[in-house]
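Hi there,

Here is the structure I promised to pass on. Please have a look at it first, and then read my notes below.

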Amino acid sequence: MRITRRATLASALALPFAAPALAQGTSWAAGRPIRLVVGFTPAGTTDIAARLLSEPLGRRLGTQVVVENRPGAGGNIGNQVVAQSEPDGHTLLMQTISGGAINYSLYGARMPVKPEDLAAVALMLRVPNAIFVNPQLPARTLQELVALAKSRPGALNIGSSGAGTSLHMTGELLKLEAGIDMAHVPFRGAGPMMQEIIAGRVEVGVDNLPSVIGHLREGRLRPLAVTTKERSPAMPDVPTTAEAGLPGVEATAWFGLQAPARTPAAIIQRISDEVNVIIREPDMARRLADLGGMAPGLTPDGGTSPQTFDAFIKAEITKWGEVVRRSGATADQ
């Protein structure tokens, strides 16, 4: 199955959602769309998640939700665009583990926004990262890759969709835990990175499962492991990093909505409530699961809320700050 931006968007457009009446104090200006900013290039998981959500969210809010890609600096350009926008509910950010957690320690004083510049709205989904290789590489398991890397120190390249992304940091964790040396090659998005690995110019890659799953299923790339505690139902034959002998290489990517700070609480709560409804719809839940997505799991019923998402982000900032410190990673790697 090849996942394309067009096919994913078509699937989202097919979802049958009715728009409820707008609650008092949470109405949107007639004829003025909501911008949903994505800090990465099209076709990656962040873009896929945004386009899956945009149509049903727009219908439920009674206005159009337009996805706007503003890639660069590991998601920081998108962060800055949203943080500097009017806090009126007409600008949202599809936030990621990179821009929402890792970058604060990775970029340090160069980070263009502070955590308090963005308000948590709702966590949409969590996904595993996948570690994979070009099929011509003589490594069919993660341990075989480790052995190959140890026999050729610094000779193998490992690609990611950008410095500071969870993919970059998952690669750093792999190198730390396995005691290997591979050169990190950052790209401006998942698409360009996968093209280079398929072409054989980069040997190893890490990507969010939803954006690479089509290439893995069709054999253009060879999966070695997923980075969650449990196997992904979307690819049940692929072992976890723990099963492959590297339990310390654990990383769950996540995608959720943030808004400019000072956005009215009623608007934030309304959007969060609608996201909770959308991700529970059978068709949407099935589509997300087929991509390897997992439910937010922040509230007792498995959903999300502004308060629980805010606490989750703070914990992630602390966790990944320690990983950055241990690895010595920088935004320029």
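The largest cavity has a volume of about 150 Å³. This is a predicted model, so local features need pLDDT of at least 70 and side-chain atom pairs count only at pLDDT 80 or more, while totals for chains, interfaces and linings use all residues. Residues are numbered from 1 along each chain as its sequence is written, and side-chain values use heavy atoms, with hydrogens and water left out.

A cavity here is a set of points, on a 1 Å grid over the protein atoms alone, where a 1.4 Å probe fits but cannot get out; lining residues have an atom within 4 Å of a point. Points are joined across faces, edges and corners, and the volume is the space filled by probe spheres set on them. There are two cavities of 30 Å³ or more.

Of the 19 residues lining the largest cavity, Phe40, Thr46, Ser161, Leu167 and Asn208 are the closest to its centre. Helix 2 (45-61) is one of the elements that supply at least two lining residues, and its three residues are the largest share. (Helices are DSSP runs of H or I with at least four residues, strands runs of E with at least two, numbered from the N terminus.) By class, this lining has six nonpolar, eleven polar and two charged residues; Gly counts as polar, and Asp, Glu, Lys and Arg as charged.

The second largest cavity, about 30 Å³, is lined by residues including Phe40, Leu93 and Met94. Strand 3 (residues 91-96) gives four residues, the largest share of that lining, which has no charged residues.

Met94 also turns up in the largest nonpolar core, which has 86 residues; Met94, Leu174, Leu257 and Ile271 have the most contacts inside it. Strand 4 (residues 118-133) gives the most to this core, with eleven residues. (A core is a set of buried Ala, Val, Leu, Ile, Met, Phe, Trp, Tyr and Cys residues joined through side-chain atoms within 4.5 Å; buried means under 20% relative accessible area, exposed over 50%, partly exposed in between, with a 1.4 Å probe and protein chains only.)

Lastly, helix 10 (residues 282-290) has Met284, Arg287 and Leu288 buried. Seen down the helix 10 axis, the buried residues fall within an arc of 95°, so they line one face; the arc is taken from the directions from the axis to the C-beta atoms. The face turned away from that side carries the exposed Pro282 and Arg286. After helix 10 comes Gly292, with a positive phi near 95°.

Best wishes

Notes. On a 1 Å grid over the protein atoms alone, a cavity is a set of points where a 1.4 Å probe fits but cannot get out, and a pocket is an open set with protein on both sides within 12 Å along at least five of seven lines; lining residues have an atom within 4 Å of a point.
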